[in-house]
Amino acid sequence: MSSGNSIEIKKVGLEYLDQAADLEKQYMLPPLTFPFSKEELEPIFNDRMMWGLVIDNKLIGKVGYIKDKNGGFELDGMVVAPDYRGRNWGSKLISQSLKEVLMLNPSKIYLYVNPKNSPAVVLYLKQGFAVDDWIPNKFNDGENRLKMSLLKTRI
Ligand SMILES: CC(C)(COP(=O)(O)OP(=O)(O)OC[C@H]1O[C@@H](n2cnc3c(N)ncnc32)[C@H](O)[C@@H]1OP(=O)(O)O)[C@@H](O)C(=O)NCCC(=O)NCCS
């Protein structure tokens, strides 16, 4: 585990795709953003942006934004490796990436989260997201999701 001094938050690209997929496989519940091979993913990566928590070229956290056809962005694939959780890295990753995405003048920034995932729900609330909707079985996994959107005052 690191002291945290040399962790960088930065926009990352395809070079981190394998590590991003590994983080998801290890620490996230399905449906995963990156369930495919690098070859399958490369063509669709253009529609996505990803920010990473990076230490010595190792990805220890990430968040993605996918552009939709209405000029909005869906935040997805948020994860911080367990050793680094509870130390504000998730909050910093979201606030820094949001700042950059907001500069693109999005019509909306939204996400879907399992209401049972309290660390994630609390994190999003603290970052200025509010609950829009309750969506039963959104991803056909028998679980419900909250749709949360960044408050209008922040857009
Ligand atoms: C959700 C996740 C990204 C949070 O990352 P993190 O680096 O621990 O987040 P932070 O340290 O910035 O915590 C932010 C806030 O979340 C809340 N929080 C964090 N861990 C929590 C926990 N175990 N229980 C309840 N609330 C928690 C706290 O309110 C915290 O703010 P505070 O410390 O000022 O009170 C991390 O737990 C994770 O990777 N989970 C697995 C993947 C996942 O579920 N992703 C979300 C998919 S929608």
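How many bridges join strand 1 to strand 2, and which way do the two strands run? Five bridges link strand 1 (residues 8–12) with strand 2 (residues 48–55), and the pair runs antiparallel. Helices (H or I, at least four residues) and strands (E, at least two) are DSSP runs, numbered from the N terminus, and two strands pair if DSSP finds at least two bridges between them. Within this pair, Lys10 stands opposite Gly52 of strand 2.

The structure is a predicted model, in which local features need pLDDT of at least 70 and side-chain atom pairs count only at pLDDT 80 or more, while totals for chains, interfaces and linings use all residues. Residues are numbered from 1 along each chain as its sequence is written. The mean pLDDT (the predictor's confidence in each residue, from 0 to 100) is 89 for the chain, and 86% of its residues reach 70 or more. Confidence is lowest in helix 2 (residues 38–41), with a mean of 65, and highest in strand 7 (residues 145–150), at 98.

The chain contains four helices and seven strands. Read from the N terminus on, its elements follow the order β-α-α-β-β-β-α-β-α-β-β. The seven strands make an open sheet with mixed pairing, arranged as 1-2-3-4-5-7-6. Strand 1 and strand 6 (129–135) stand at the edges with a single partner strand each, so one side of each has no neighbour in the sheet. From one strand to the next, the twist averages 25 degrees; for such angles, axes are lines fitted to C-alpha atoms, for helices over the stretch in contact, and angles run from 0 to 180 degrees between N-to-C directions.

Strand 2 is joined to strand 3 (residues 58–67) by eight bridges in an antiparallel arrangement, and Val54 has Leu59 of strand 3 as its bridge partner. These two strands form a hairpin with two residues between them, and Asp56 in the turn has a positive phi of about 50 degrees. Strand 3 continues the pattern with six bridges to strand 4, again antiparallel, and Tyr65 stands opposite Leu75 in strand 4. The hairpin of strand 3 and strand 4 has five residues between the strands, and here Gly71 takes a positive phi near 80 degrees.

Strand 4 and strand 5, by contrast, run parallel and are joined by two bridges. In this pair Phe73 stands opposite Ile109 of strand 5. Strand 5 (residues 109–113) is in turn joined to strand 7 by four bridges, and these two run antiparallel; Tyr110 stands opposite Ser149 of strand 7.

Burial comes next. A residue is buried if 20 or more other C-beta atoms lie within 10 Å of its own, exposed if 12 or fewer, and partly exposed in between, with C-beta atoms placed from the backbone. Of the 155 residues of the chain, 24% count as buried. Strand 4 is largely enclosed by the rest of the structure, because six of its eight residues are buried.

Helix 1 (residues 17–27) has Leu17, Ala20, Leu23 and Glu24 as its buried residues. They lie on the same side of helix 1 because they cover an arc (that of the directions from the helix axis to the C-beta atoms) of only 120 degrees around the axis. Asp22, Lys25 and Gln26 are exposed on the other side of helix 1. Leu23 counts as buried because it has 23 C-beta neighbours inside 10 Å. Leu23 and Ala81 are 58 residues apart in sequence, yet 7.2 Å apart in space, C-alpha to C-alpha.

Finally, the ligand. Of the 20 residues around the ligand, Arg85, Gly90, Ser91, Pro119 and Ala120 come nearest; a residue is near a molecule or strand if its C-beta atom, placed from the backbone, lies within 6 Å of it. Strand 4 (73–80), helix 3 (89–102) and helix 4 (118–126) are the elements that give two or more residues to this shell, and helix 4 supplies the largest share, six residues. By type, the shell holds eleven nonpolar, six polar and three charged residues. Here Ala, Val, Leu, Ile, Met, Phe, Trp, Tyr, Cys and Pro count as nonpolar, Asp, Glu, Lys and Arg as charged, and the others, Gly among them, as polar.
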